[in-house]
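Here are my notes on the structure you asked about. Please read them with the model open beside you.

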Amino acid sequence: LRRCVGSEGNRPPPEPPQGGGVPTSGWLKVFRPNGSKLAHPRDRQRCRLGVEQEGAPTRMGGGGGKEIPPVFIVDANKATEYSAEQGEPISAKKISLFCDKFAYVEQVDIKSGKEHAIGRDEPSDILVKSKDTSKKHASFQFDEELNQWTLSNYSQFNSLVSGEPCVDVSEGMGKFALAAIGVVRLGTAYVAWTTKPIAGSIMVHCVEGFLEGRMWATSPDCQSFKIGRKDEADINIPNSMQTISSNHLNFENEPNVGWTVMDTSTFGTTLYGDWPLKKEKRVLCVPGLKMTIGRHKEKMTFVIKVHNTCKP
């Protein structure tokens, strides 16, 4: 967008063509978030963010619209192709767990037939790096009678399972049936599960804050994108919002894993309202993942949605 509306110095964007013809390369209609026209085109922050959302996804860049960016704007019609639903309970006999370890995600394939304990030390089968996680915090197991994967909690701190709303799984609840994909919080460690990687197109939908209602989706060849105040950020935040970092969130499409998000900010990120995401910790981008950045009046919340052809 910055190339479309002119971000070099204070140079305003070129005037629109007269007579209702096709816009020249590098020109976009600029609107405020509420739909009214901007009072002055030199307002760079609003120019970058307030783009008309009608018709097909916007192509950005010069060269007569030949360049497709990693992330493009999505209109209301296109948005129906994406969903935040986590799906029905899993009946597949094999699932993959994704455990965050520093700046990368470790994948563990597990099969039915035994209990797979997760914690920070033995006797757990799968270890996570978190002092807030119990030695044996929880376990995944396939319930043959129910024909689905379930989660059991063994920790006094409980296990929080993603959803709308999130579920606080206690030891007394017994086996908790899992959806096709999701994230469980064990202390401050996050373990995601799925039957297949989410490697196709994902959509980022702002549901709270200055950009509320805006939607962006990844192009077919996109392998990474960023959210932040930096000019190079794919989803650009106004520079006046100082509680949001220049490079706040980093998304990557990792081989055999799918889309992940990592916090690279100074001010931090929370998931699902109050789950603290530690800096340089990656989390799998599951449908419905809520990420909140900024503080006070600058707070913004984004939700991950997955293309219908990519759901597990």
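Predicted model: local features only at pLDDT ≥ 70, side-chain atom pairs only at ≥ 80, totals over all residues.

The numbered points below go from the whole chain to single residues.

1. The chain has three helices and 24 strands. It holds 312 residues, and 49% of them are buried. The accessible surface comes to about 14,900 Å², with 48% of that area belonging to carbon and sulfur atoms.

2. Contacts along the chain. Take the contacts between residues at least 6 apart in sequence: 53% of them join residues at least 24 apart.

3. The largest nonpolar core. In soluble globular proteins, nonpolar side chains tend to be buried together. In this chain, the largest nonpolar core has 42 residues. The members that touch the most other members are Phe225, Phe251, Leu271, Met291, Met300 and Phe302. Strand β24, residues 300–307, gives the most to this core, namely four residues. There is also a second, separate core of 22 residues, and Ile90, Ile110, Val161 and Leu186 are among them.

4. Phe251 as an example. What does Phe251 touch, once residues up to four places away in sequence are not counted? Its contacts include Phe225, Ile227, Trp259, Val261, Met291 and Ile304. Gln223, Ser224, Thr260 and Cys285 are also on the list.

5. An open sheet. Six strands form an open sheet, in the order β4-β3-β13-β12-β9-β10, with antiparallel pairing. Why do β4 (104–111) and β10 (167–169) count as edges? Each has a single partner strand, so one side of each is left without a neighbour in the sheet. With direction ignored, neighbouring strands of this sheet are turned by 25° against each other on average.

6. Strand β9, residues 159–161, is joined to β10 by three bridges, and the two run antiparallel. Ser159 stands opposite Val169 of β10.

7. β18 and β19 form a hairpin with three residues between them. In the turn, Asn256 has a positive phi of about 65°. The two strands pair in the antiparallel sense over six bridges, and Asn250 has Met262 in β19 as its bridge partner. β19 covers residues 258–263, and six of its six residues are buried. β19 also pairs with strand β22 (residues 282–284), again in the antiparallel sense, over three bridges. There, Val261 stands opposite Val283 of β22.

8. Ser245. Where is Ser245 placed? Ser245 lies in the loop between β17 (235–236) and β18 (249–254). Is Ser245 buried or exposed? The cut-off for buried is under 20% relative accessible area; Ser245 has 6% relative accessibility, so Ser245 counts as buried. Leaving aside neighbours within four places in sequence, Ser245 is in contact with Gly228, Arg229, Ser265, Thr266 and Phe267.

9. Thr292. This residue is in strand β23, residues 290–293. Its relative accessible area is 11%, so Thr292 is buried. The side chains of Thr292 and Thr301 are joined by a polar contact of 2.9 Å. Not counting residues up to four places away in sequence, Thr292 touches Thr301 along with Gly268, Thr269, Thr270, Lys299 and Met300. Of these, Met300 was named in point 3 as a member of the largest nonpolar core.

Methods. Residues numbered from 1 in each chain as written. Heavy atoms only, no water. Buried < 20%, exposed > 50% of the residue type's maximum accessible area, 1.4 Å probe, protein only. Contact = heavy atoms within 4.5 Å. Areas by Shrake-Rupley, 256 points an atom, 1.4 Å probe, with all protein chains shown as cover. Core = buried A, V, L, I, M, F, W, Y, C linked by side-chain atoms within 4.5 Å. Pairing = 2+ DSSP bridges. Axes fitted to C-alpha atoms, helices over the stretch in contact; angles between N-to-C directions. Polar contact = N/O pair within 3.5 Å; in protein donor to acceptor, adjacent residues only side chain to side chain.
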